[in-house]
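Subject: Structure handover

Hello,

Here is the structure I promised to pass on. Please open it alongside this note.

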Amino acid sequence: MPASEAELLLLDTHCWIWLQSGQLDQLTRATAERIRSAAEAGLLRISVISVWEIALLEAKGRVRINMDCLEWVREALKTPGLSLVPLTPEIAVDSTRLPGEVHGDPADRILLATARNLGARLLTRDQALLEYGRSGHAKVAKA
């Protein structure tokens, strides 16, 4: 996919970890190409909630990174074409008012509200988020 055809993509936390750790084998070839095209076009996004999730997972020992967590995040955010999306009042409020049926995980709700607010497609392997995307309330694609 040429960069001119790229779409705005929001990565779920696990996708960001895979991307930054070079575990591209976790992604389909088409998804890896989609991410590459979005990055080349400057259209790759990470929600600030993913920073929180990574820090939480690392603190609990569920994710291992090879350096200090904050240093890892700072380095990861230097990825060309990647931008951090802050938690705005609009996203925070929207996360509590999502249409349809969505589970109660606050981080997932913030990811959905962020994608909706940006008009971005959320890339994820989370089945609940994929199901929500099938409802038509958010653009979600399987990573």
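How many residues does helix H2 have, and how far does H2 reach from its first C-alpha to its last? H2 covers residues 29-40, which makes twelve residues. Its reach is 16 Å, close to the 16 Å expected at 1.5 Å a residue. Bear in mind throughout that this is a predicted model.

Helix H2

Five residues of H2 are listed as buried: Thr31, Ile35, Ser37, Ala38 and Ala39. Just after H2 comes Gly42, with a positive phi of about 70 degrees.

Helix H3

H3 also deserves a look. It has twelve residues and reaches 17 Å between its end C-alphas, close to the 16 Å expected at 1.5 Å a residue. Buried in H3 are Ile49, Ser50, Val51, Glu53, Ile54 and Leu57. Their cover includes E1, H1 and E2. Helix H4 (69-76), strand E3 (82-85) and helix H6 (106-118) also contribute to it. After H3 comes Gly61, and its phi is positive too, near 80 degrees.

The cores

The largest nonpolar core holds 24 residues. Within it, Leu11, Trp16, Ile35, Leu44, Trp72 and Leu123 touch the most other members. E1, H1, H2, E2, H3 and H4 each give two or more residues to this core. A second, separate core has 20 residues, among them Val102, Leu112, Ala113 and Leu122.

What does Leu123 contact, leaving aside its neighbours within four places in sequence? Its contacts include Leu9, Leu10, Leu11, Asp12 and Cys15. Thr31, Arg34 and Ile35 are also in contact with Leu123, as are Ala141 and Ala143. Two of these, Thr31 and Ile35, are among the buried residues of H2.

The pocket

The largest pocket has about 320 Å³ of space. Its lining is made up of 14 residues. Thr13, His14, Glu53, Leu57 and Arg62 lie nearest the centre. Two elements give two or more residues to the lining: helix H1 (13-20) and helix H3 (48-59). H3 supplies the largest share, four residues. By type, the lining divides into seven charged, five nonpolar and two polar residues. Glu53 and Leu57, noted above as nearest the pocket centre, are also buried residues of H3.

Best wishes

Definitions and conventions: Residues are numbered from 1 along each chain as its sequence is written. This is a predicted model: local features need pLDDT of at least 70, side-chain atom pairs count only at pLDDT 80 or more; totals for chains, interfaces and linings use all residues. Side-chain values use heavy atoms; hydrogens and water are left out. On a 1 Å grid over the protein atoms alone, a cavity is a set of points where a 1.4 Å probe fits but cannot get out, and a pocket is an open set with protein on both sides within 12 Å along at least five of seven lines; lining residues have an atom within 4 Å of a point. Grid points are joined across faces, edges and corners, and a volume is the space filled by probe spheres set on the points. Ala, Val, Leu, Ile, Met, Phe, Trp, Tyr, Cys and Pro count as nonpolar, Asp, Glu, Lys and Arg as charged, and the others, Gly among them, as polar. The expected span of a helix is 1.5 Å times one less than its number of residues. Buried means under 20% relative accessible area, exposed over 50%, partly exposed in between (1.4 Å probe, protein chains only). Contact means heavy atoms within 4.5 Å. A nonpolar core is a set of buried Ala, Val, Leu, Ile, Met, Phe, Trp, Tyr and Cys residues joined through side-chain atoms within 4.5 Å.
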